[in-house]
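Please look at the model first, with the sequence beside it.

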Amino acid sequence: MPSRDATTHWVGGLQNGKGEVTLDSSNAGTFSVSFPTRAGNPDGQTSPEELIAAAHSSCLAMNLSGVLEAQKLTADSIDVSAEVTLGPAAGGGFEISGIAITLRASIEGVTAEQFAEYAETAEKTCPVSKALAGTTITLDAALT
């Protein structure tokens, strides 16, 4: 399996500095970042938390597709949102204090109980969920 990479170029201090994150592997773009927009109004800039949310939601959608496929099922649609929260850490600094996942899917012939099991399996086996295991992750999964 390939690895993927991104780089960040930063200039200045934490409060007054700014940076640019470049998605190198895909060449999908360069995105501005700064601490004031990370900790407050995004003002058109991304943040590490938003990038983690994007990674987590896309990974979980793919992983649920695989879990369903193993059961010979295909979803009509899967929608996943991830809300990553940055907060103060005990002892100083900051930490990602939680990730709230909302997963909605439309799948013919699947009961709510079956779907809950598939969603739980997908979340527990998602590579990004595993990488973020030190963070509290909540899952709200339902059929639509």
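Helix 2 (residues 48-70) lies across strand 4, strand 5 and strand 6, running at about 145° to strand 4, where helices (H or I, at least four residues) and strands (E, at least two) are DSSP runs numbered from the N terminus. Contact here means heavy atoms within 4.5 Å, and angles, from 0 to 180 degrees, are taken between the N-to-C directions of axes fitted to C-alpha atoms, for helices over the stretch in contact. This is a predicted model, in which local features need pLDDT of at least 70 and side-chain atom pairs count only at pLDDT 80 or more, while totals for chains, interfaces and linings use all residues. Residues are numbered from 1 along each chain as its sequence is written, and side-chain values use heavy atoms, without hydrogens or water.

**Sheet and helices**
- Three strands form an open sheet of mixed pairing in the order 4-5-6, with pairing requiring at least two bridges found by DSSP.
- Strand 4 (77-88) and strand 6 (137-143) are at the edges with a single partner strand each, so one side of each has no neighbour in the sheet.
- Strand 5 (residues 94-106) pairs with strand 6 in the parallel sense over seven bridges, and Ile 99 stands opposite Ile 137 in strand 6.
- Helix 3 (residues 112-125) lies across strand 5 and strand 6, at about 145° to strand 6.
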